[in-house]
Each structure stands twice: as C-alpha cells, then as structure tokens.
Amino acid sequence: GHLRRRARRRLEAVRADMEPPRVRILETDDVEAFRTLRLAALRECPTAFSSSYEEECDIPLAHSAKRIAPDRDHVIFGAFDGEQLVGSTGLAREGPRKLAHKAVIWGVYVAPAFRQHGIGRTLLQHALAYAAALPGLRRVTLGANAANPAAIALYESVGFEPFGLERGFLLVDGVLHDELHMTFEIKRDSK
C-alpha cells in the first residue's frame, strides 16, 4: 500500500519533469537513429512486427536511408527526447488507384524507458493528422497482436476500431499469433 503510493508519486514527479517529445517526420539524415531504434524494437518485441531482427540487421544503411526518405504518401514520424530518437511510427498510403483511399500505420514503437508518457499516442495523432491532410484519403488501418491489450487500448484511445481477427497471422519461434485488424475513418466535411 504505502510503498506502492510512494512509487506512484515518484513516477508522477518524473513524468511532470519530462519535456513533451518533439515529433517530426524523419529524414534520410536520421537513418542511423531509426535503424538503431527499429532493430531494438524487432529484438524486444518479435511478435509485434511482421519483419524480424534477422531480416533487417544486415540491410545496408544506404537501403535503409531510401526506405525512410519521406514522400507525400510515405512518412515515418519520430519522437525525440532532446536529440535521442525514442519512438517512431510509419504511415504509408496504398499505391494502386483502387486502394489509394487507404493508408496503413506500421512500426509503432516507443523505447521502454519512455513508455507510459503519451509518446505512442502523440506519434499516432501526428500520423492521423498527416493522413487527414492527404487528398482523397478516407481510412487508415493497422494491425495489432491480439495478445497485446496495451497496444489495442492505445489504438482505440485515438479512435481505431477493430474490424477483424486473422488467426495465425504470425509464426514466431513455432508459435502462431493472431492479428487484430483495426481501422480509423477520416472524417471529411461533406460539402
């Protein structure tokens, strides 16, 4: 009881002292920081991403720089604590004309020491605001491991709604993991 209250007060004091993260679109100059964060994410949370550490650790830096280079329909947002990249998420619009009304959020990750500070929510809000500014975009989708209630709660808190469950979506170390598909409808003025 008493120790738990003290720990909670200390955590609240740390949170109060913490500057809000600076969020911006990553540029090719951010490739080393992004790669370091991405590999940490893949190593720490192998069931949260469809890619794996083993697949991405040997990708040349020049290739990774091309991957993160922003264009109108593909951006990666980074959250910075000072100069340190502590979180990221990608937004990619579908390419084919018949699917171009949709985009996907991918790679949502916040470093463990920076969780529970609203950084994930802030990243998602930036990505959704960017998506809403894209002409013709109507829907943003994402997937979450069905066994990750914290991620699902985060996505629901910014307006995502589940629309389907894909059984056995990922196979990690011989274990199948289900994926919850979620969607966010972009509200447009009906003029």
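Here "exposed" denotes a relative accessible area over 50%, "buried" one under 20%, and "partly exposed" a value in between. The model shown in every view is a predicted one.

**Figure 1. Helix 4 seen with its buried and exposed residues.** The face of helix 4 that is turned away from its buried side carries A62 and K66, both of them exposed. The buried residues of this helix are S64, A65 and I68; seen down the helix axis, they fall within an arc of 105°, so they line one face of helix 4. In an α-helix there are 3.6 residues a turn, so residues three or four places apart point the same way. The packing partners of the buried residues of helix 4 are helix 2 and strand 2.

**Figure 2. The salt-bridge network of R38, E56 and R67.** These three residues are linked with one another in a network of salt bridges, and a search of the whole structure finds seven salt bridges. In one of them, the side chains of R38 and E56 meet with a distance of 3.0 Å from N to O; this pair links distant parts of the chain, since R38 belongs to helix 2 (residues 31–44) and E56 to helix 3 (residues 53–56), 18 residues apart. E56 also forms a salt bridge with R67, for which the closest N and O atoms are 3.3 Å apart. Here too distant parts of the chain are linked, with R67 in helix 4 (residues 61–68) and E56 in helix 3, eleven residues apart. Because its relative accessibility is 9%, E56 counts as buried, and R38, also at 9% relative accessibility, counts as buried. R67, by contrast, has a relative accessible area of 30% and is therefore partly exposed.

Figure 3. R38 is found in helix 2. When residues up to four places away in sequence are not counted, R38 touches F49, S51, E56, R67, W106 and G107. Among these contacts are E56 and R67, with which R38 is linked in the network of salt bridges.

Figure 4. The search of the whole structure finds one cavity of 30 Å³ or more, and about 70 Å³ of space lies in the largest cavity. Its lining consists of F34, R35, R38, L39, E56, I59, S64, R67 and I68, so that the lining includes the residues R38, E56 and R67, which are linked by salt bridges, as well as S64 and I68, which are among the buried residues of helix 4. Helix 2 and helix 4 each supply at least two residues of this lining, and the largest share, four residues, comes from helix 2. By residue class, the lining of the largest cavity divides into four nonpolar, one polar and four charged.

**Figure 5. The salt bridge between R93 and D73.** The side chains of R93 and D73 meet in a salt bridge, with 3.7 Å from N to O. R93 lies in strand 3 (residues 84–93), whereas D73 lies in the loop between helix 4 and strand 2 (74–81), so the pair ties together parts that are 20 residues apart in sequence. R93 counts as buried because its relative accessibility is 14%, while D73, at 27% relative accessibility, counts as partly exposed.

**Figure 6. The largest pocket and the elements that line it.** About 1,000 Å³ of space lies in the largest pocket, which is lined by 40 residues, with V108, N148, A151, L154 and Y155 lying nearest its centre. Two or more lining residues come from each of strand 4 (102–110), helix 5 (119–132), strand 5 (139–145), helix 6 (149–157), strand 6 (161–172) and strand 7 (175–185). Strand 4 gives the most to this lining, with seven residues. The lining of the largest pocket divides into 22 nonpolar, 13 polar and five charged residues.

**Figure 7. The second largest pocket, lined in part by strand 6.** About 220 Å³ of space lies in the second largest pocket; of the 13 residues that line this pocket, P46, S51, S52, E54 and V172 are the closest to its centre. The elements that give two or more residues to the lining are helix 2, helix 3 and strand 6, and strand 6 gives the most, with three residues. Seven nonpolar, three polar and three charged residues make up the lining of the second largest pocket.

Definitions and conventions
Residues are numbered from 1 along each chain as its sequence is written. This is a predicted model: local features need pLDDT of at least 70, side-chain atom pairs count only at pLDDT 80 or more; totals for chains, interfaces and linings use all residues. Side-chain values use heavy atoms; hydrogens and water are left out. A salt bridge is a side-chain nitrogen of Lys or Arg within 4 Å of a carboxyl oxygen of Asp or Glu. Buried means under 20% relative accessible area, exposed over 50%, partly exposed in between (1.4 Å probe, protein chains only). The arc is that of the directions from the helix axis to the C-beta atoms. Contact means heavy atoms within 4.5 Å. On a 1 Å grid over the protein atoms alone, a cavity is a set of points where a 1.4 Å probe fits but cannot get out, and a pocket is an open set with protein on both sides within 12 Å along at least five of seven lines; lining residues have an atom within 4 Å of a point. Grid points are joined across faces, edges and corners, and a volume is the space filled by probe spheres set on the points. Ala, Val, Leu, Ile, Met, Phe, Trp, Tyr, Cys and Pro count as nonpolar, Asp, Glu, Lys and Arg as charged, and the others, Gly among them, as polar.
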